[in-house]
Amino acid sequence: MGKVTKKKINITPDTNIIESWRSGGREIEQSLSDLIDNSIDAGYTEDTYKILYQKNAISVKWHSIPSKIKKTHEFARYKGEEGWLISDEGSGILNPETCWIAGASKKKKSIGRFGIGLKNSTLELGNHIFIRTKSEGKDYATTIPFDCDAVKKKGDWELDLQQKSGLSKKDHFTKILITDCHIKEPDFEQIFDNLSRTYYKMCSKNLDIFFEGKQLYWKEPEIFEIVDQPEVKKRYNIKAKKVKIFEDFDTKIVAGKNNHFKISGYIGIQKEHNQKHDGIDIFLNGRLVESNSRIGVGANRARLYGQVNVEQNFSVNYQKTKLDRKSLEYNHLNNYLMKLFDPVVEFARRILSNGKYKPPKSVERETRKIEDYLSKTVSCLEFNELENLKMSSEVMEESSEDDHMDSGEVDKLIRKSVPIDLKKKVVKGITTNDRKRKSKEAFRLPKSAKSIKIEHDVQELGKYEQYSILYPRLQVLHIVSNASHAYYKEAAKLGNKKLVGLHQNHMIDELSTYISIHVKTPEKTIKDKIYREMARHNLKAIN
């Protein structure tokens with residue numbers, strides 16, 4: 001019979017684990033979020049999560065340490081360096097001796113309950129970490145410097161800790177400085193936007209969070225409400241009955257014995273579609289843990305925006321970037337939301353499948369008549385007194401995506417003048433237009449052999465874009481009315497005749513602009529000629 005030997009073994013991680021900690025693959029704002037979470041927790045008790053202070057101010061900024069500072073300065077060892085500085089007015093780190101021990105957190109109900117956020121996040125950001133912290137009731141501050149390369153080279157986890165006494169017992173704070181950063185030129189605007197979206201719900205009278213001196217703020221996308229449903233169904237010609245434009249909820253789900261989870265939220269359809277907002281934002285106690293999620297909507301999240309709020313006891317991954325997909329409560333939540341959200345998902349799908357906003361058929365019919373009528377009108381205009389066509393001296397160095405479609409230099413310049421984002425929307429609307437009736441009439445500019453047709457379209461270009469757009473393409477003068485414009489929306493409320501009149505005005509305005517660009521005649525003169533020629537004819541023909 002063989003001999004049995006027992007002994008104790010040390011499973012302290014090798015210092016090379018640092019490489020795993022700092023290669024998490026997260027964005028800068030996600031790493032900063034772990035440190036902000038700890039600063040938020042510092043405003044509450046660890047065991048019961050009761051508020052400690054009337055106010056906790058958290059600051060995150062890119063900080064430069066002067067190359068010439070006194071030796072007594074708190075950051076003297078990092079003179080001439082720059083990096084992230086995170087500071088708060090919370091309780092301070094209660095047990096600073098254990099803050100670098102993975103999993104040593106005693107937090108139960110707080111955001112940073114996993115005990116590895118400080119290690120992961122700081123090392124993801126840089127190689128030199130300096131912690132200075134002080135708790136209320138103590139007359140000293142504790143400092144702990146951490147040099148990543150030095151720790152790896154030494155091969156052990158012993159760190160230098162220093163305590164400086166003689167401070168007021170009323171003070172309480174934590175400062176974390178991170179230098180020798182992996183990314184030297186961060187995108188501050190993007191970081192601000194993402195941090196704002198993450199924490200805007202948590203900012204309150206008890207908590208201020210600043211990034212680069214600016215308070216975090218995020219505006220939720222505007223979505224349609226229940227009262228808008230009849231108008232939107234009419235606007236997009238949606239006849240289905242089992243669809244809804246908005247849904248909200250405030251309830252509990254049960255996942256096993258004694259496992260009750262409070263959930264609340266809503267889902268709706270964006271008024272102005274922005275792909276950055278598509279999907280569901282999931283909040284854990286007011287803190288965003290997952291943006292643009294497909295929970296409850298599956299693959300069909302386009303134009304949808306919603307929020308799901310869960311409490312602190314809900315399972316999330318340790319990086320706090322997703323709900324735990326393997327947990328029982330997640331599966332219950334997803335199944336519940338799939339049924340609840342389905343009518344709204346179907347509403348959004350029908351809006352998208354219809355392709356775009358369409359005015360009433362009677363408005364479309366009358367607008368088509370105006371297209372032909374205006375072509376006839378322009379053909380009847382006397383251009384004899386007009387000067388020769390403008391010939392642009394500008395030679396295009398780069399052609400636009402439509403330049404191969406005609407050779408008119410002036411038309412190229414008109415297309416070139418349309419902003420790129422707006423141009424993409426207009427071209428997409430033109431190329432996907434399924435209009436059955438094409439314009440019958442055409443007109444010719446003076447001293448030009450090509451015939452041009454007028455085609456009017458209505459597109460949702462965005463509420464901040466102009467009310468009408470001119471876009472010449474393939475010997476067709478496309479004139480697009482912006483259905484998102486405030487004036488168009490108000491006109492639509494006044495009835496179909498008002499819309500027809502508005503379309504006519506847009507076409508005359510843009511047609512006058514187009515002709516005036518090609519000939520040396522003021523736009524007002526062209527417009528006056530068009531109106532006078534229209535007055536000579538029987539206007540009832542188009543009414």
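Helix α12 (residues 496-518) lies across β14, β15 (451-459), β16 and β17, at about 135° to β17; helices (H or I, at least four residues) and strands (E, at least two) are DSSP runs numbered from the N terminus. Axes are lines fitted to C-alpha atoms, for helices over the stretch in contact (heavy atoms within 4.5 Å), and angles run from 0 to 180 degrees between N-to-C directions. The model is predicted, with local features requiring pLDDT of at least 70 and side-chain atom pairs pLDDT 80 or more, whereas totals for chains, interfaces and linings use all residues. Residues are numbered from 1 along each chain as its sequence is written, and side-chain values use heavy atoms, with hydrogens and water left out.

The four strands form an open sheet of mixed pairing in the order β14-β15-β17-β16, where two strands pair if DSSP finds at least two bridges between them. The edge strands, β14 (443-444) and β16 (468-473), each pair on one side only. Strand β16 runs antiparallel to β17 (residues 476-482) and is joined to β17 by six bridges; Pro472 has Leu477 of β17 as its bridge partner.

Pro472 and Leu477 also belong to the lining of the largest cavity, together with Asp411, Lys450, Ile452, Arg473, Gln475, Val476 and Tyr514. A cavity is a set of points on a 1 Å grid over the protein atoms alone where a 1.4 Å probe fits but cannot get out, and lining residues have an atom within 4 Å of a point. The elements giving two or more residues to this lining are β16 and β17. The volume of the largest cavity is about 30 Å³, taken as the space filled by probe spheres set on the points, which are joined across faces, edges and corners. One cavity of 30 Å³ or more is found in the whole structure.

Elsewhere, strand β1 (residues 56-64) is joined by five bridges to β7 (residues 207-211), the two running parallel. Within this pairing, Ser59 has Phe210 as its bridge partner in β7. Six bridges connect β1 with β2 (residues 82-88) in an antiparallel arrangement, and Val60 stands opposite Ile86 of β2.

By contrast, Lys326 is exposed (over 50%), with a relative accessible area of 79%. Lys326 is located in the loop between β13 (304-310) and α7 (328-353), and its C-alpha atom is separated by 9.1 Å from that of Ser315, eleven residues apart along the chain.

Methods:
1 Å grid on protein atoms, 1.4 Å probe; cavity = no way out; pocket = protein on both sides within 12 Å on 5 of 7 lines; lining within 4 Å. Buried < 20%, exposed > 50% of the residue type's maximum accessible area, 1.4 Å probe, protein only.
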